[in-house]
Amino acid sequence: MRCLVVDDEPPAQIILERYISQTNGLELVAKCSNAIEAMALLKTEQVHLMFLDIQMPEIDGLQLLKYLGIRAPKVILTTAYDSYALTAFDLDVIDYLVKPISYERFLRSIAKAMRISYPNDESSKMPQKSSPYIFLRADRKLYKVSLNDIVFIEGLSNYLKVYLPKDMLIIRETMTRMEEMLPSEIFVRVHKSYILNISHIQYVEKNTVVTTRGVVPIGDAYSQDFLKRIGHQ
C-alpha cells in the first residue's frame, strides 16, 4: 500500500515513517506538513492510505477530508486529541489513533486497512514486523543495527546508550520514542531508564537482570509486567 503522512509535527512524521518502513506491504510516498501540500500531491501521486493529523494550520485534517470527498484515499487519523472521534468516523475513516502511537496499535490499524482494501487476499490480512534491524544515528553516522544485537538500552536524559554485544552507541533519542520503535515481542521496559532484549537475559536475581552485557535494574513499577512477560508470576 502506498502511504502518505500528513502532519505538521516533524516528530510525528518521523515515527510514522519508521513504522511504515518496518512493516511489510507498506511504501511511503511522501510526508506533507499541511493540507495544501497534501492536496497538491494527491493530484499527481497514487496514494492508497493516508495518515492524517487533525489539528494543522489553515486547513485541518477534517476539513481536508470533507474537501476530498470520494476522491480521498483510505484514511487513518492520527491526533493528540480523542474528542474528534465521533466526527471522524462519520467521515468513514478506517481508524483513529491517539498520540503517542505504539507500533502494536499502528499494526492493528494496518491490519484493518488491509482487510478493507483486500478482503479476499489472505496474505494481506495481517502485516508483519518485517525489518530485523533499525537505523540509529551516532557519531554523525547512520548505523544499521540488528534488533537481535541490541542487548539493552539505557536512558540518560535526552540521550540513550544502546548496548551491543561488543560495542555501544550513544544516540540522541528519548526512551518513549525508542520503546515505540522496538517490537514488543522482543523488548520489554524493565525500568524507567532501561529497555531490555529478552533473548539476552542470563538470569534474574531479586530486583536485577543479568544480561550478556551486564546487570540491569528492575524498577518496582515494571516488576510485575516483566515477570509476566518471562512467564513467572
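Visitor: Which strand gives the most to the lining of the largest pocket?
Guide: Strand β6 does, with five residues. A pocket is an open set of points on a 1 Å grid over the protein atoms alone, where a 1.4 Å probe fits and protein lies on both sides within 12 Å along at least five of seven lines; lining residues have an atom within 4 Å of a point. Helices (H or I, at least four residues) and strands (E, at least two) are DSSP runs, numbered from the N terminus.

Visitor: Where does this model come from, and how are its residues numbered?
Guide: This is a predicted model, where local features need pLDDT of at least 70 and side-chain atom pairs count only at pLDDT 80 or more, while totals for chains, interfaces and linings use all residues. Residues are numbered from 1 along each chain as its sequence is written, and side-chain values use heavy atoms, with hydrogens and water left out.

Visitor: Back to the largest pocket. Which elements each supply at least two residues of its lining?
Guide: These are α1 (10-21), β6 (133-138) and β10 (167-172).

Visitor: How much space lies in there?
Guide: The largest pocket holds about 450 Å³. That volume is the space filled by probe spheres set on the points, which are joined across faces, edges and corners.

Visitor: Which residues are the closest to its centre?
Guide: R18, F135, L136, L142 and M181, out of the 16 residues that line the largest pocket.

Visitor: And how much space is in the second largest pocket?
Guide: About 290 Å³. Of the 17 residues that line the second largest pocket, E104, E179, L182, S184 and F187 are the closest to its centre. Two or more lining residues come from each of α5 (103-117), α6 (175-181), β11 (187-191) and α7 (220-229).

Visitor: Which element gives the most to that one?
Guide: Helix α7, with four residues in the lining of the second largest pocket.

Visitor: Take R229. Where does it lie?
Guide: R229 is part of helix α7.

Visitor: Is R229 buried, exposed or partly exposed?
Guide: R229 is partly exposed, at a relative accessible area of 36%. Buried means under 20%, exposed over 50%, and partly exposed in between, with a 1.4 Å probe and protein chains only.

Visitor: What is R229 in contact with?
Guide: Contact means heavy atoms within 4.5 Å. Leaving aside neighbours within four places in sequence, R229 is in contact with S184, E185, I186, F187, V188 and I198. I198 is 31 residues away from R229 in sequence, and their C-alpha atoms are 8.9 Å apart in space.

Visitor: Are C3 and C32 buried or exposed?
Guide: C3 is buried, with a relative accessible area of 0%. C32 is buried too, at 3%.

Visitor: What about S146? Where does that lie?
Guide: S146 lies in strand β7, which covers residues 141-146. S146 counts as partly exposed, at 27% relative accessibility. Apart from neighbours within four places in sequence, S146 is in contact with P132 and Y133.

Visitor: What is the phi of D139?
Guide: Near 55 degrees, a positive value in a residue other than glycine. D139 sits in the loop between β6 and β7. With a relative accessible area of 61%, D139 is exposed.

Visitor: And K206, what is its phi?
Guide: For K206 phi is near 55 degrees, again positive in a residue other than glycine. K206 belongs to the loop between β13 (201-205) and β14 (208-211).

Visitor: Buried or exposed?
Guide: K206 is exposed, with a relative accessible area of 80%.
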